[in-house]
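I opened the notebook to record what I looked up in this structure. The entries follow the order of my searches.

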Amino acid sequence: MGCLQTKHASRSPHLLDTREAVALAAETSFTVSEVEALHDLFRKISNSVIRDNLIHKEEFQLALFRGKKQQNLFVDRVFDLFDQKRNGVIEFGEFVRSLGVFHPDAPEDQKVAFAFKLYDLKQTGFIERHELKEMVLALLDESDLDIASDAVEMIVDRTFDQADTKGDGKIDQEEWTEYAKDNPYVLRNMTLPYLK
């Protein structure tokens, strides 16, 4: 008895299966041709350091965050959110689904939920004051902005004054959603126009 290779088994990892492209387009705001273009980008990123068609944190940082080599909480959090399987790498489906949140046509509630998870560092379902401060500092660092520590405290205080409507010292998903509706600038970086 001989073994017959299936089309799937002999398919090159460099080629995108049409069914996969159609499925990912159905799950996201991307068209099939946009998914195909993302596959080309994914292949470049995922083979830039380690040639295995998986995006490792170093490749992610080099590609999406201007090649800075330093550790950054913001980079780590975004990578962790893209790595939906929590296996230390980003697979193509995870890449497309995660980028889908940033698509101009993605629903706002997806953007709000992603931003909430970004700030919920301990993944407790709440954003605490120290988590917000850590992320503000990381975002400022990523943007090469140097702001005095008292100004950072003012940002954190103002955010909590407006968002923590229950007054319990933490921001839950419901409070965050209302805060984002009242302060659309919170989601300003959650849309990347060139993804369309």
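I count a residue as buried when its relative accessible area is under 20%. The model is predicted.

I began with Val 75. Val 75 has a relative accessible area of 1%, so Val 75 is buried. I found Val 75 in helix 5. I then checked a distance from there to Leu 139.

**Entry: overall make-up**

I listed the secondary structure next. The protein chain holds 10 helices and two strands. Reading from the N terminus, I wrote the order down as α-α-α-α-α-α-α-β-α-α-β-α. I looked up the contacts after that. Among those with a separation of 6 or more, 53% join residues 24 or more positions apart. The accessible surface came to about 11,400 Å². Carbon and sulfur atoms own 54% of that surface.

**Entry: helix 6**

How many residues of helix 6 are buried? I got eight of nine, so to speak a helix that is mostly covered. The buried ones are Phe 92, Gly 93, Glu 94, Phe 95, Val 96, Ser 98, Leu 99 and Gly 100.

**Entry: aromatic pairs**

A pair of aromatic rings is described by the distance of the centres and the angle of the planes. I searched the whole structure and got eight aromatic pairs. I took Phe 42 and Phe 95 as one of them. Their ring centres are 5.4 Å apart and their planes stand at 55°, so I logged the pair as tilted. Phe 42 belongs to helix 3 (residues 32-46) and Phe 95 to helix 6 (residues 92-100). The pair therefore ties together parts that are 53 residues apart in sequence. Both Phe 42 and Phe 95 are buried.

Trp 176 and Tyr 179 also form a tilted aromatic pair. I noted 5.8 Å from centre to centre and 40° between the planes. Why are Trp 176 and Tyr 179 separated by about one helical turn? They are separated in this way because they sit three residues apart in helix 10 (residues 173-182). I checked burial here too: both Trp 176 and Tyr 179 are buried.

I also wrote down an aromatic cluster. Its members are Phe 60, Phe 79, Phe 82, Phe 102 and Phe 114.

**Entry: charges over rings**

I looked for charged side chains over aromatic faces. Arg 129 lies over the face of Phe 160, and I noted 4.6 Å to the ring centre. Lys 170 has its charged end over the ring of Phe 126, at 4.2 Å from the centre.

**Entry: Thr 159**

I placed Thr 159 in helix 9. Its relative accessibility is 9%, so Thr 159 counts as buried. Which residues does Thr 159 contact, leaving aside its neighbours within four places in sequence? I recorded Leu 132, Asp 164 and Tyr 179.

**Entry: the largest pocket**

I turned to pockets. The largest pocket holds about 1,200 Å³ of space. I got 38 lining residues for the largest pocket. Closest to its centre are Phe 74, Tyr 119, Leu 139, Val 186 and Asn 189. I then asked which elements give two or more residues to the lining. They are helix 3, helix 4 (57-64), helix 5 (73-82), helix 6, helix 7 (108-119), helix 8 (129-142), helix 9 (149-163) and helix 10. Helix 8 gives the largest share of this lining, with five residues.

**Entry: positive phi**

Last, I checked backbone angles. Asn 53 is not a glycine, yet has a positive phi of about 60°. I located Asn 53 in the loop between helix 3 and helix 4. Is Asn 53 buried or exposed? Its relative accessible area is 18%, so Asn 53 is buried. Arg 86 is not a glycine either, and its phi is positive at about 55°. I located Arg 86 in the loop between helix 5 and helix 6.

Terms used:
Residues are numbered from 1 along each chain as its sequence is written. This is a predicted model: local features need pLDDT of at least 70, side-chain atom pairs count only at pLDDT 80 or more; totals for chains, interfaces and linings use all residues. Side-chain values use heavy atoms; hydrogens and water are left out. Helices (H or I, at least four residues) and strands (E, at least two) are DSSP runs, numbered from the N terminus. Contact means heavy atoms within 4.5 Å. Accessible areas come from the Shrake-Rupley method with a 1.4 Å probe; for residues, only the protein chains shown count as cover. Rings of Phe, Tyr and Trp (its six-membered ring) pair if their centres lie within 6.5 Å; planes under 30 degrees apart count as stacked, over 60 as edge-to-face and the rest as tilted. Buried means under 20% relative accessible area, exposed over 50%, partly exposed in between (1.4 Å probe, protein chains only). A charge sits over a ring if NZ of Lys or CZ of Arg is within 6 Å of the ring centre and within 35 degrees of the ring normal. On a 1 Å grid over the protein atoms alone, a cavity is a set of points where a 1.4 Å probe fits but cannot get out, and a pocket is an open set with protein on both sides within 12 Å along at least five of seven lines; lining residues have an atom within 4 Å of a point. Grid points are joined across faces, edges and corners, and a volume is the space filled by probe spheres set on the points.
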